Amino acid sequence: MATVEEVLEKLKAKARPDQLEGMARYAIVGEGRLGVSVPEMRKIAKDSGKDHRLALELWKTGIPDARIVAGMVGEPDKLTEKQMEDWVKDFDSWDVCDQVCMNLFDRSPLVIKKIRDWADREEEFVKRAAFASIASLAIHDKKAENDKFINLFPMIKDGAADERNFVKKAVNWALRNIGKKNPGLNRAAISLAKEIQQMDSKAARWIANDALRELESDAVQQRLRKKFRGVP
């Protein structure tokens with residue numbers, strides 16, 4: 001089993017301090033950030049193996065790169081609501097939020113409950129975590145019935161009125177990913193996007209227009225027809 005010290009040593013060996021200024025321009029920030037690339041973090045996580053104890057220790061360091069690796073080595077079945085709440089309240093950068101949601105939170109049996117909890121919260125990155133988790137579920141949950149996602153449409157519509165950049169982009173991401181999952185969800189997501197398009201909100205119109213541009217595109221429609229040939 002890897003120790004937190006060993007993982008930190010590997011992260012520091014791959015640090016790229018010359019990249020930090022450029023990363024900050026894309027709002028990839030956080031105190032103590034090392035600038036390690038995501039592929040390098042994935043390799044370190046793979047070499048370390050799944051280890052929830054290690055994940056908790058890495059999170060305590062407060063280093064953004066270490067926290068991303070924590071999400072990669074964490075074990076979804078060992079997540080508790082308290083841990084998910086503790087971690088989500090620590091999110092202060094969109095990349096840490098998204099990586100933890102897509103590598104750990106979206107695989108937890110608790111995720112739908114937490115999505116509903118977080119979508120009602122005011123903190124920007126907590127709210128983003130709700131929609132980042134939906135976007136990730138749409139990719140990773142291969143066995144989900146369409147209703148699992150359609151039941152989340154009311155909160156996507158409500159979230160579309162949030163003008164904050166990190167929230168509106170996550171709402172858009174969730175809507176687009178659902179709409180690319182299968183033909184039925186594509187039609188449902190397009191219909192929802194058209195509803196959102198009529199809202200009196202600049203953010204909502206941006207979300208809807210961007211989603212429709214992709215979901216109605218020839219590329220997406222052809223991919224869905226090819227992948228789901230014969231499926232209504």
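Author: One aromatic cluster is formed by Trp59, Trp87, Phe91, Phe105 and Trp118. The model is predicted, so that local features need pLDDT of at least 70 and side-chain atom pairs count only at pLDDT 80 or more, while totals for chains, interfaces and linings use all residues. Residues are numbered from 1 along each chain as its sequence is written, and side-chain values use heavy atoms, with hydrogens and water left out.

Rings of Phe, Tyr and Trp (for Trp, the six-membered ring) pair if their centres lie within 6.5 Å; planes under 30 degrees apart count as stacked, over 60 as edge-to-face and the rest as tilted. By this rule there are 6 aromatic pairs. In one of the pairs, phenylalanine 105 and tryptophan 118 have ring centres 5.6 Å apart and planes at 40°, so the pair is tilted. Phenylalanine 105 is in the loop between helix H7 (94-103) and helix H8 (111-119), whereas tryptophan 118 belongs to helix H8, so the pair ties together parts that are 13 residues apart in sequence. Helices here are DSSP runs (H or I, at least four residues), numbered from the N terminus.

As to solvent, buried means under 20% relative accessible area, exposed over 50%, and partly exposed in between (1.4 Å probe, protein chains only). Phenylalanine 105 counts as buried at 0% relative accessibility, and tryptophan 118, with a relative accessible area of 0%, is buried as well.

A further aromatic contact involves a charge, which sits over a ring if NZ of Lys or CZ of Arg is within 6 Å of the ring centre and within 35 degrees of the ring normal. Lysine 168 lies over the face of tryptophan 206, 5.0 Å from the ring centre.

Helix H12 comprises residues 165-179. Its 15 residues reach 21 Å from the first C-alpha to the last, close to the 21 Å expected, where the expected span is 1.5 Å times one less than the number of residues. H12 is mostly covered, with 13 of its 15 residues buried.

The axes of H12 and helix H9 (residues 124-140) come within 8 Å and cross at roughly 15°; axes are lines fitted to C-alpha atoms, for helices over the stretch in contact, and angles run from 0 to 180 degrees between N-to-C directions. H9 and H12 are therefore roughly parallel to each other, a term for angles under 35 degrees.

Key
Helices (H or I, at least four residues) and strands (E, at least two) are DSSP runs, numbered from the N terminus. Angles under 35 degrees count as roughly parallel, over 145 as roughly antiparallel, 65 to 115 as roughly perpendicular and the rest as oblique.
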